[in-house]
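Here are my notes on this structure, point by point. Please keep the 3D view open as you read.

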Amino acid sequence: MATISGPASGGTEFSEGIDAGFSGDGQELPPGIGPWSLAWRRLRRNKVALFFGGVFLLVVVLCLLGPVYSHDIAHIGPDTENITGTIKVGGKTEDIVSLIGIPIGPTWTSHYLLGADLEGRDVAVRLLYGGRNSLEIGVVATLITMLFGTLAGLLAGYFRGITDGIISRILDVIWAYPAVLLGITLGTVLAIRGIGPLHGTTLMVPAIVIGFVYIPYVARPIRAQVLTLREREFIDAARQQGLGNFQIMWSEMLPNLASTIIVFVPLILANAILLEAALTFLGAGVQPPNASWGTMITEGIDNIPAAFHNVLVPGIMLVITVLSVNIFGDGLRDALDPRAKVRIGR
Amino acid sequence: MGTPPQSLDPGLDYTTQGEEVNWLVYTGLTTYAHANGTAGAQLIPGLATTLPVISDGGKTYTVTLRKGLVFSNGKPVTASDFAYTVERSIKIPWGGSGSFITPIIAGATAYSNGKAKSISGITTDDATGKIVIHLTAPYGPFDNVLAFPALGIIPTGTPLKAEPTSPPPGVGPYEVTNIVPNQSFSAVQNPKWASMDIPGIPAGHVNVDVKISANVSSNALAVLNNSADFFDWADTIPGSLLSQIQSQAASRFKLVDLGGSTYYVFLNTTEKPFSNQLAREAVVAGLNQDAMSRLGSGTLVPACFFLPPDVTGHPSGPCPYGTPGTGDLAKAKALVKQSGMAGQPVTVWSETRSPRQQWMTYYTSYLNSIGFKATQKVLADATYFTTIGESKSLHPQTGFADWNQDFPNPVDFYGVLLDGKAILPTDNENFGQTNDPYINAQVQKLGATPTTQLSSVASQWQALDEYVAKKAYVAVFGYQKFPEFASDRINYSGLVFQPIYGWDFTSFALK
């Protein structure tokens, strides 16, 4: 495998990360091209990944515009209930929720565009706010996973010995429980008591729970990579130059782990969004009345026979988002390291 | 069944789902008539030869066991088994023991505290089958207490801990087998029952396999499509299926008002903001019961009084804060402002199952709309009441509560749910921590009246119920109508829908 040696101080070697000098399609590369430019060049050629990256971006933008839609178009808040209210559809006045509890379907107008839920709330507004919350939880959970997973993997792999033993056994314990089961247990307990100053009903609680359960999925591959890296010559050179352990980890190891970390981000994000929906569906995630795609599916499940849209709409959004993140993540992985085999899940 | 019983061991269970089965497995010294409507609330002798003989000014109850009684495992029943049954229900403890046994039976408190090896207030004679129970003070509905499945006789020597997967043998038309916790169990006919020939308690016709599934929609569809035979009466049929069921299964479906259930939100009188009466009045004044009825598939009858219509003492006068309906939001907002509690954080506790969670989601939103800062906490159904019943550590502010009568006497509602003496550190049912001296005194006084003589104190119960509505100690939002829904295979006209225990399995028969 070809390698590019970086500057003498803080050198970056992409032997485990971006595969420079090899375009991925057998073509020789022009001299002087940087690894990141090379990765971008590969990604640009992957039209499917770029398309789905665009789809994900579109979902994010739409969700961020939720308050604008709510305030200026739908004129109703995400949690505003209107169970006994009425609406004019095609000149005819209809109950938003019927006397026996059946919500109105899509009106295809600015009010209740995608219909109402059982509480008389606007599904379209909740879909966008729910997306914000689902994405927020996914992003925070991913940050937690990446931060602590990288830290744990780095410390365990670099120091080895007793540090590795302790960290690896802790990771084994977390790993031993299926993610959903561990999430349900932690989510249920923390929803009642909260975490320190965090109230049990805040979005941060499921985010922390999800972030926690995925730590081993990142820490283990990072640890394995660090174990290899620490034996390389450039690390020896850094030691010879008098750099301390933490300086070596920061300036030598981390840059070499960058591509792996970047590849993990979309994969963890997609899994975190899915796990949020699963935990919420099982009552251990986002607490109502907060909207999330998971809560919307849960709340709509009993009304499937008469109000299928309550489940279908958030379900479609969930599929589109997770699919787009996953496909973009695959493209990113191919771009950064076409030979890597990073997978989440067991 | 949408929600699992707390346990199928009668020494622990205190849920409608458990008692629905256990009253047919663990017959008490007294029991209820196997009949529809108010006739089903009629107390009849169970394992005792007659209803108790009451003496000593209402403080002594004497009964004699029937001859030839045997448990479902064939072991003969003795009078001393009754004393053991009571002791076990205190030791486990059964959820109702703090209200109906420990403070009521003489010597039960000492036994509960470990200061006595047996309950001094119970004397038994195995030779004659005579059982004498002494009470600490007259307690009118004690003959109803003897009908609780928790006091249905079990053999002496049964472990003094709950046995959820292998409950003890009992004496009744059915026995429970094949228990898979939270998933399924079977009620099979007790082969020993027919030979005992106890008047008024029929043997079962069929064995009943019970499956537990939280998805009430699919449960209802299964009955509609005849792949299951009964929809559990304590579950609510989703509105999305109601019209379909009404049109396709009109001959085997109806909504029945059992007349003995109250649905309400508790308001913790010891915690801000509901320690303030104006804040409580605000909640009651603006509550949109029409909205809550729609969330409950239209099966909720709007109401304001704590005692339901078929219970003695239910007031007939107007509601103190306006006719139940859409609620007066403006008045509620003004009251919150006046109370000085605007902006106070409130946690609303809720079960998961539909429509209870939806009710509390609406209620949370409503509290926010009148000026509080409310959030909702949703707990799994199986742990909800025990969790919010941890009154010492949790201090729940407000949330969902309901009560289906244990027996047709207002003291069953007041003595458990609003009496200050009923506040317990665990398994507390007085979620609002209501401790009003007037209520306590009235419950003590009126509770001494036997169920059969309730009409003599009806007006006093009525006054007490009006007082509670005026003080807004609870926010009642309706009385529920329950579904009586069976498959085509079942002889629907012969079914008994009992006012206390719901489905009577002994009436189940194929066409």
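This is a predicted model: local features need pLDDT of at least 70, side-chain atom pairs count only at pLDDT 80 or more; totals for chains, interfaces and linings use all residues.

1. Cys63(A) is buried, and its relative accessible area is 1%.

2. Now turn to a cysteine in the other chain. Cys304(B) is also buried, at a relative accessible area of 15%. The cut-off explains the label, because buried means under 20% relative accessible area.

3. How many disulfides are there over all chains? A search of the whole structure finds 1. The disulfide joins Cys304(B) to Cys319(B), with an S to S distance of 2.0 Å. Both cysteines lie in the loop between strand 12 (300-301) and helix 11 (329-339) of chain B, so the link ties together parts that are 15 residues apart in sequence. The angle about the S-S bond is -90 degrees, and the link is left-handed. A disulfide is a covalent bond between the sulfur atoms of two cysteines.

4. Look next at two helices of chain B. The axes of helix 9 (residues 277-286) and helix 11 of chain B come within 8 Å and cross at roughly 170 degrees. The two helices are therefore roughly antiparallel to each other. From helix 9 of chain B, the residues in contact include Leu278(B), Ala282(B) and Ala285(B). From helix 11 of chain B, they include Leu329(B), Leu335(B) and Val336(B). The residues of this contact divide into 8 nonpolar, 3 polar and 2 charged.

5. Salt bridges come next. Side chains of opposite charge can pair when their charged atoms come close. The search finds 23 salt bridges over all chains. One of them joins Glu299(A) and Arg121(A), at 3.1 Å from N to O. Glu299(A) is in helix 11 (residues 293-300) of chain A, and Arg121(A) is in the loop between strand 2 (92-95) and helix 4 (123-159) of chain A. The pair links distant parts of the chain, 178 residues apart. Both residues are buried.

6. What else is linked with Glu299(A) and Arg121(A) in a network of salt bridges? Asp79(A), Asp117(A) and Arg126(A) are.

7. Arg169(A) and Asp172(A) also meet in a salt bridge, at 3.0 Å from N to O. They are 3 residues apart in helix 5 (residues 161-176) of chain A, so about one helical turn separates them. Asp172(A) is partly exposed, at 24% relative accessibility.

8. Finish in chain B. Asp402(B) forms a salt bridge with Arg356(B), and their closest N and O atoms are 3.1 Å apart. Asp402(B) lies in strand 15 (residues 398-404) and Arg356(B) in helix 12 (residues 356-369) of chain B, so the pair ties together parts 46 residues apart in sequence. Both Asp402(B) and Arg356(B) are buried.

Key:
Residues are numbered from 1 along each chain as its sequence is written. Chains are lettered from A and ligands numbered from 1 in the order in which they are written. Side-chain values use heavy atoms; hydrogens and water are left out. A disulfide is a pair of cysteine sulfur atoms within 2.5 Å. Helices (H or I, at least four residues) and strands (E, at least two) are DSSP runs, numbered from the N terminus. Buried means under 20% relative accessible area, exposed over 50%, partly exposed in between (1.4 Å probe, protein chains only). Axes are lines fitted to C-alpha atoms, for helices over the stretch in contact, and angles run from 0 to 180 degrees between N-to-C directions. Angles under 35 degrees count as roughly parallel, over 145 as roughly antiparallel, 65 to 115 as roughly perpendicular and the rest as oblique. Contact means heavy atoms within 4.5 Å. Ala, Val, Leu, Ile, Met, Phe, Trp, Tyr, Cys and Pro count as nonpolar, Asp, Glu, Lys and Arg as charged, and the others, Gly among them, as polar. A salt bridge is a side-chain nitrogen of Lys or Arg within 4 Å of a carboxyl oxygen of Asp or Glu.
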